[in-house]
Amino acid sequence: MSESPDLQPRQAREVGLSFWAAGFVLLILMPLLNVLPPEESWLHLSDFSLNRFGKFLAFAILALGLDLIWGYTGILSLGQGVFFGLGAYCMGMHLMLAIGKESVYGSDLPDFMVWNQVKELPIFWKPFYSFPVAVVGAILVPTLFALVFGFLAFRSRIKGVYFAIITQALALVAWLVFNRNETNLGGTNGLTDFKQLLGFRLSEPGTQRALYVLTVLCLGGAYLLCRWIIRSRAGRVLVAVRDSEARVVFSGYTPANYKLFVFIVAAALAGLAGMLYVPQVGIITPAQIGVLPSLEMVIWVAVGGRGTLAGAVLGAVSVNLGRSVLTNYFPELWPFMLGGLFVVVVLLFPDGLIGIGRRLREHTVSRKVPVVIEAERS
Amino acid sequence: MRQAAMVWAVILCLAQAGTSALAADSSAQPVIMPLEQALTQITSEDDTVRDTALAAVIQQGDATLLPRLDEIRAGAERPIRLAIKPVMDLIRNRSNLDDPASHVRRSAATDLGTSGRVVAIPWLEAAAAKEDKKWVRYTMQEAAALLKLSLNDQASKLEAIDTLGALSSQNGVPALQEMMTAGRASNSTDAQKELAKRSSAAIERIETWGAWSNAIETIFRGISLSSILLIMSVGLAIVFGLMGVINMAHGELMMVGAYATFLTQELFKSLLPPAMFDYYFAFALPVAFVLAALSGLILEATVIRFLYGRPLETMLATWGVSLVLMQAARVYFGDLTAVVAPGWLSGGQQVMVGVFFPNNRLFIIALSIICVLGIYGLLFRSNLGLRVRAVTQNRNMSACLGIPTRKVDAYTFAFGSGLAGIAGWALTLIGNVEPGLGQNYIVDSFMVVVTGGVGKLAGTIVAALGIGGLNKVLEPSLGAVYGKVCILVLVILFLQWRPSGLFAIKGRHADS
């Protein structure tokens, strides 16, 4: 009975409308507010805010993928941070090489290699001199990794809690490995001190604005892709897998293939998100890919409302905005709030912000019995 | 005291008898100089006079002389101070060879062995002859043999080499290697060649034993890590088997147990006389168990009960709880708080040459065995256990038969949490008490549960032994990080073969 809300025509139209509205605000209004009004005007959107928003929207791309796999297919992956990190490191390596001799030590090699007395650029760094390779790599590396990992996991029917734990162990292991110096990925300090991308200075507001617009476009594309997937036949199979995998098997489908497909798409989106994140934030460290950040990514989707694509975007933006504001004022309280948010959302608002909005609307408009969306079954 | 005096007499006789062997050491020339005279002469400017005086002091001095020597030293010039210091050490170690505490005797013997003072050989031999503690005697013999290597006497050298080989003494290896290089030199004498030959045989013997003792220690470390993992994961596994719930706050319940231990320690420190302090650790066990069990009960009643049948949501919610608890501990206790292990758990047991088992690890191994036996008793010999097993196998049918399944859930969860508390209590022995305490091991114990299979005690034990043992076997060659990578890969490959763990429930429940 748990039909995806997006499949209902009335709501589908609404989603379409809000898609264009959100697109207008994010793509046109916000950059304009950044450029046009004078700085002292209250309408002015500072470079910092726009940049910060760009970061959140990059996270939203990841959240879309996570929503596909968790919200729609019912597979909880606690290792999305790893795919995010793989994408981010691919782009980070390119940016690191693009510095050239501008680095602190004035060497062709990245600074941390100079510290670690690496004499020659490791072979796997060399392709990343090229920008197209970095872009393709940022998507392809996480995809291939997800293909191997997902193939092994789904083939042997690892699912539910088992899958969550295995992916969590993956996040832990990836964090440990990226922290090592001898992997030549910057160790604990990660990759940072980027200067330019394709000849544009990253410190210029204009470059950052262009990156923001690019992120919005990618988010829009990712949204459309996800919507297309869930509206296709494959998408219906995914929802069916979530609701009763055994029945899907009995109906003659092979759930493993569908799961693998959606896992790969989620990994590719996470890689894309990481690729867009790095030039906007200017640093990528192992701290971004460990167990904790990977779990936090899940809460974005849960807070926004899983099983709805808009919810994933909304959740990623709102949780990160909340985090960025709250850690500024009450750094000690943030873990309490994040933890509390987990408990409250899971216990009281299983459909997240979108669910709350929908319930309110049901109450005020038609005074009908509120829609109770059936809980996910494992 | 009289006994000690007699021992001195014996030692002095031996020292006199052994003078021919001691010819090499200038300080061991037979000296007939009254002690008082020697003490006045050790500050002499003349080197030979001073050396003779020092030798006399070494021959006749005992521990009662140390304060006086110290006094003399305080008023003396730097070269004289430097000369007196080793003499004092020698005298102190010599008297320590008779100390009632075995570790003092042992470290005195070790010091003498490395001091290079051949005058100590008869002391060590005499002490070894009447020593009744095996490992102290071993150290004394080893020290004497080490010193004998520097004697200028072929027969004693050969004897010492053989002794070191027979003792499998790792400490002897550098000196033996020196002899080997000396024997290989082009201008070496026949005597040196003979020494080198025997040395190489001895080294080979020592190294063979070294490999064995390494292997034994690795196995021990593996078992000890496995025990920690076992205590941690067994509570997790019971709850998982019964309710299908993975409790991500399990690590924080361990933290509760660890802080309970810390608080008990502080209470004992402030309220009770110091003599009682060593008992705090035993007292902390029930405190840790009860506090963690209560926390678990509250967690079950406020969060988990509402998420029944939704394991993934439970994971997320309990993870939220774990974040809150961790931060609460960080805010309240700060970052580092150490628990002092009680006296009876410090130190260790030497079981073989070069194989040393720390007491706290032995204790944890014993504890894990007791825990498993306790759980076994509870599950298979008690009324609650019967109900737990019934609910684990078929919840609905158990409910129909009148088993209060919700209550069974609550009690089992509390019990599992209490076990986490015990794990936290034990962890204070090997690490600091800190808010992140549970996080260090929790992913490993999740892996144990997953590998072991749903709620099977045997599976958990085997998986804990496997993962803990593998960890320690892989660590020396691959390093801790790549060892972990390797284990993750192995677990994934293992799950290809057995998707729901080692001892999965067979039949219709398997896929539900």
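A residue counts as buried when its relative accessible area is under 20%. Keep that cut-off at hand for this tour of a predicted model.

**Stop 1: helix 18 of chain B**

Select residues 405-427 of chain B, which make up helix 18. Of its 23 residues, 20 are buried, so helix 18 of chain B is largely enclosed by the rest of the structure. Now check its length. At 1.5 Å a residue, helix 18 of chain B should span 33 Å. Its end C-alpha atoms are 33 Å apart, which agrees.

**Stop 2: B:Asp409 and B:Arg395**

Stay on helix 18 of chain B and pick B:Asp409. Is B:Asp409 buried or exposed? B:Asp409 has a relative accessible area of 0%, so it is buried. Show its side chain together with that of B:Arg395. The two form a salt bridge, with the closest N and O atoms 3.0 Å apart. B:Asp409 lies in helix 18 of chain B and B:Arg395 in helix 17, so the pair ties together parts that are 14 residues apart in sequence.

Move to B:Arg395 itself. Helix 17 of chain B covers residues 395-400, and B:Arg395 is in it. B:Arg395 is at 14% relative accessibility, so this arginine also counts as buried. What does B:Arg395 touch, leaving out residues up to four places away in sequence? Display B:Leu242, B:Met243, B:Tyr308, B:Thr405, B:Arg406 and B:Asp409 to see those contacts.

**Stop 3: helix 12 of chain B**

Next, select residues 250-271 of chain B, which are helix 12. Find B:Glu266 and B:Lys269. They form a salt bridge, and their closest N and O atoms are 3.7 Å apart. Why are these two about one helical turn apart? They are three residues apart in helix 12 of chain B, so about one turn separates them. An α-helix has 3.6 residues a turn, so residues three or four places apart point the same way. Color by accessibility here. B:Glu266 is partly exposed, at 31% relative accessible area. B:Lys269 is also partly exposed, at 48%.

**Stop 4: helix 3 of chain B**

Jump to residues 47-60 of chain B for helix 3. Helix 3 of chain B has 14 residues and should span 20 Å at 1.5 Å a residue. Its end C-alpha atoms are 20 Å apart, in agreement with that value. Which residues of helix 3 of chain B are buried? Select B:Arg50, B:Ala53, B:Leu54, B:Ala55, B:Ala56, B:Val57, B:Ile58 and B:Gln59.

**Stop 5: where chain B meets chain A**

Now show both chains. In this interface, 42 residues of chain B are in contact with 45 residues of chain A. Chain B and chain A bury about 4000 Å² between them. Carbon and sulfur atoms account for 78% of that area.

How many salt bridges are counted between chain B and chain A? The count is one. To see it, select B:Glu313 and A:Arg306, whose closest N and O atoms are 2.6 Å apart. Two residue pairs are in polar contact between chain B and chain A.

Three elements of chain B each give two or more residues to the side that touches chain A: helix 14 (311-333), helix 19 (439-452) and helix 20 (457-497).

**Stop 6: the salt bridges overall**

Over all chains, the salt bridges come to eleven. Then go to A:Arg242 and A:Asp243, whose side chains meet in a salt bridge at 3.2 Å, N to O. A:Arg242 is buried, with a relative accessible area of 14%.

**Stop 7: chain A**

Chain A has 14 helices and four strands. Of its 378 residues, 54% count as buried. Look at contacts in chain A between residues at least 6 apart in sequence: 77% of them join residues at least 24 apart.

Finish on A:Gly23, in helix 1 (residues 9-35) of chain A. A:Gly23 is partly exposed, at 26% relative accessible area. Draw a distance from its C-alpha atom to that of A:Leu217. The two C-alpha atoms are separated by 8.7 Å, although the residues are 194 residues apart along the chain.

How values were computed:
Residues numbered from 1 in each chain as written. Chains lettered and ligands numbered in written order. Predicted model: local features only at pLDDT ≥ 70, side-chain atom pairs only at ≥ 80, totals over all residues. Heavy atoms only, no water. Contact = heavy atoms within 4.5 Å. Buried area = accessible area lost by both parts, 1.4 Å probe. Salt bridge = Lys/Arg side-chain N within 4 Å of Asp/Glu carboxyl O. Polar contact = N/O pair within 3.5 Å; in protein donor to acceptor, adjacent residues only side chain to side chain. Buried < 20%, exposed > 50% of the residue type's maximum accessible area, 1.4 Å probe, protein only. Expected span 1.5 Å × (residues − 1).
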